[in-house]
Amino acid sequence: MIPALEIENLSKVYDNNFEALKGIRLRVEPGDFFALLGPNGAGKSTTIGIICSLVAKSAGKISVFGVDIDKDFPAAKRHIGIVPQEFNFNQFEKGLDIVINQAGYYGLSPGLARERAEKYLRELGLWEQRDIPARMLSGGMKRRLMIARSLVHEPQLLILDEPSAGVDIEMRRSMWDFLRRINAQGTTIILTTHYLEEAEALCRHIAIINHGKIVENTSMKELLRQLDREVFILDCVEKLPDNTHIDEFVTRRVDDHTLEVEVQKGQNLNAVFAALGLAGINISSMRNRANRLEEMFVNLVEGAA
Amino acid sequence: MNLREQYVAFMTIFRKEIKRYLRIWTQTLLPSAITMSLYFVIFGTLIGSRIGEMGGFSYMEFVVPGLIMMAIVTNSYSNVVSSFFGSKFSGSVEELLVSPVSNFVILMGYVVGGVSRGLLVAVVVTLVSLFFTDLSIHSYLIVVIVVLMTSTLFALAGFINAVYANSFDDISIIPTFVLTPLIYLGGVFYSMDMLPEFWANVSKLNPLVYVVNAFRYGVLGVSDVSLPVAFGMIVIFTTLAFAYSMHLLNSGKRLRQ
């Protein structure tokens with residue numbers, strides 16, 4: 001199967017001799033929901049910039065749905081929709097005009113451009129605001145406007161660089177639903193984000209980039225399987241004894257009604273409930289102390305540093 | 001992209017440019033009409049009446065072609081420099097750069113947008129001039145060709161300025177310190193015959209001398225430089241500006257990292 005995106009030995013050295021990418025390889029299958037994670041300055045935005053022609057590569061090869069960007073970049077660009085990190089539209093233009101103009105740059109006839117603009121502005125809940133200058137829109141609306149703009153030529157590969165930055169929780173959830181929907185309809189999505197919860201909730205595959213190198217590239221399930229320990233916080237109905245202890249588990253009494261339990265890979269959480277049940281303590285709720293992926297991310301990035 | 005799609009992309013950029021300068025017409029169209037009215041009153045009527053004839057015409061008749069050309073030059077230049085730099089500044093130029101539209105179409109979209117503003121202002125200023133003098137055209141063909149070539153040349157120059165500009169100061173430095181002196185020294189207000197030989201020769205390096213005189217020939221039928229030489233120089237300057245603009249776009253200098 002032709003990959004949606006294939007990157008081979010991609011390098012980038014900026015004019016100031018900073019080596020942003022050190023020969024990375026990446027393959028994203030069609031229909032995938034792919035997360036590209038990494039700390040600030042790791043090389044995520046440089047990679048995306050090269051894919052969509054805003055940054056010139058120093059070496060390497062990129063193909064988008066089998067089209068080599070060195071051989072036919074315009075054809076490759078037709079497959080790509082990009083939602084950048086920064087707002088990059090004319091703030092004085094109306095939302096509808098911004099989306100219609102973008103369609104024009106891809107050669108869509110004015111009639112089709114308007115039809116598509118209406119479709120995506122409606123789907124992203126911006127149709128009522130179509131005649132408002134972009135500068136008057138809220139941060140979340142501006143973000144959704146960029147998504148509508150990126151989809152107007154109906155690309156097969158959508159790349160979102162930090163789409164949730166500055167977006168409130170409710171808006172973020174509705175954006176996730178939208179992205180899941182278009183992914184289910186066949187659009188391949190590559191996402192960079194600092195919200196690891198977002199990557200875990202949406203993506204099936206993940207690559208972690210650090211210091212210009214890919215330090216992990218696997219499925220989300222496989223990555224989470226590699227976690228060797230997790231810390232759970234248990235909220236207890238009854239007051240915990242001062243010397244609360246569960247055999248074979250590391251525990252920490254946080255306060256009278258809260259207990260932290262570290263569960264190693266292979267240990268069974270049922271044993272914790274059984275021990276607490278025997279002690280006459282009922283559990284009202286339970287949660288992870290930290291996002292599981294976050295712990296993995298920190299381990300990988302720190303390990304590579 | 002096929003030819004039809006490239007045409008759609010071109011028309012998109014062109015329409016966007018027209019909408020932009022019409023939306024802010026008090027900043028783009030009105031100032032030229034007011035400034036040129038003042039020039040007509042002060043240089044044409046008040047001072048001109050004391051100067052007498054120049055090149056065989058009343059001073060008012062002599063300066064009108066130069067002043068119309070001055071409006072075309074400044075407007076076609078400033079439209080592209082401010083619009084393209086504005087899109088660089090806001091980041092919206094990336095909308096074009098990530099799309100499959102060719103660099104040639106991008107350049108033409110902005111340049112023809114600038115040319116259209118130059119033409120529109122030329123019409124406005126010409127209409128204003130009719131309040132001060134009877135304008136009879138010697139050759140409509142030459143007038144149209146010179147106007148189109150000149151506005152194209154200075155729209156291209158505005159594009160180059162915009163690519164190099166890093167701040168809003170940078171887009172006013174060239175018009176203030178280069179373009180305006182070239183216009184004033186380009187024979188708008190005087191005949192080249194009045195200059196000492198040395199300065200007349202130096203003036204031949206000024207592209208404004210050729211556009212002002214070619215246009216004056218189209219309107220009045222007189223010129224300080226030969227028409228073929230004027231056309232030749234305009235073509236050379238335009239070709240160089242076009243080639244350099246395309247080089248900037250193709251190399252991605254100051255547009256892509």
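Colleague: How many salt bridges does the rule find across the interface of chain B and chain A?

Modeller: The model is a predicted one. The rule finds three salt bridges between chain B and chain A.

Colleague: What makes the pair R149(A) and E95(B) a salt bridge?

Modeller: The closest N and O atoms of R149(A) and E95(B) are 2.7 Å apart. The rule asks for a side-chain nitrogen of Lys or Arg within 4 Å of a carboxyl oxygen of Asp or Glu, so the pair qualifies.

Colleague: Which helices of chain B supply at least two residues each to the side that touches chain A?

Modeller: They are α1 (3-23) and α5 (93-97) of chain B. The largest share of that side, 10 residues, comes from α1(B). By class, the side of chain B that touches chain A has nine nonpolar, six polar and nine charged residues.

Colleague: How many residues of each chain take part in the contact?

Modeller: Chain B gives 24 residues and chain A gives 29 residues. Between them the two chains bury about 2300 Å², of which 52% is on carbon and sulfur atoms. Of the area that chain B buries against chain A, 29% is supplied by E95(B), V98(B) and Q257(B), more than by any other three residues.

Colleague: Why is S245(B) called buried?

Modeller: S245(B) has a relative accessible area of 0%.

Colleague: Where does S245(B) lie, and in which helix?

Modeller: S245(B) lies in helix α11 of chain B, which covers residues 227-251. Leaving aside residues up to four places away in sequence, S245(B) touches L107(B), L156(B), F159(B) and I160(B). A polar atom of the S245(B) side chain also lies 2.8 Å from the backbone oxygen of A241(B).

Colleague: What share of the residues in chain A is buried?

Modeller: Buried residues make up 51% of the 305 residues in chain A. Chain A has 10 helices and 14 strands, and its C-alpha trace spans about 70 × 45 × 40 Å along its principal axes.

Colleague: Into which domains is chain A divided?

Modeller: Chain A is divided into domain 1 (31-54 + 76-224) and domain 2 (228-304). The C-alpha centres of these two domains of chain A lie 37 Å apart.

Key
Residues are numbered from 1 along each chain as its sequence is written. Chains are lettered from A and ligands numbered from 1 in the order in which they are written. This is a predicted model: local features need pLDDT of at least 70, side-chain atom pairs count only at pLDDT 80 or more; totals for chains, interfaces and linings use all residues. Side-chain values use heavy atoms; hydrogens and water are left out. Contact means heavy atoms within 4.5 Å. Buried area is the accessible area (1.4 Å probe) that two parts lose on being put together, summed over both. Helices (H or I, at least four residues) and strands (E, at least two) are DSSP runs, numbered from the N terminus. Ala, Val, Leu, Ile, Met, Phe, Trp, Tyr, Cys and Pro count as nonpolar, Asp, Glu, Lys and Arg as charged, and the others, Gly among them, as polar. Domain bounds come from an automatic or database domain assignment. Buried means under 20% relative accessible area, exposed over 50%, partly exposed in between (1.4 Å probe, protein chains only). A polar contact is a pair of N or O atoms within 3.5 Å; within protein, one must be able to donate a hydrogen and the other to accept it, and residues adjacent in sequence count only if both atoms are side-chain atoms.
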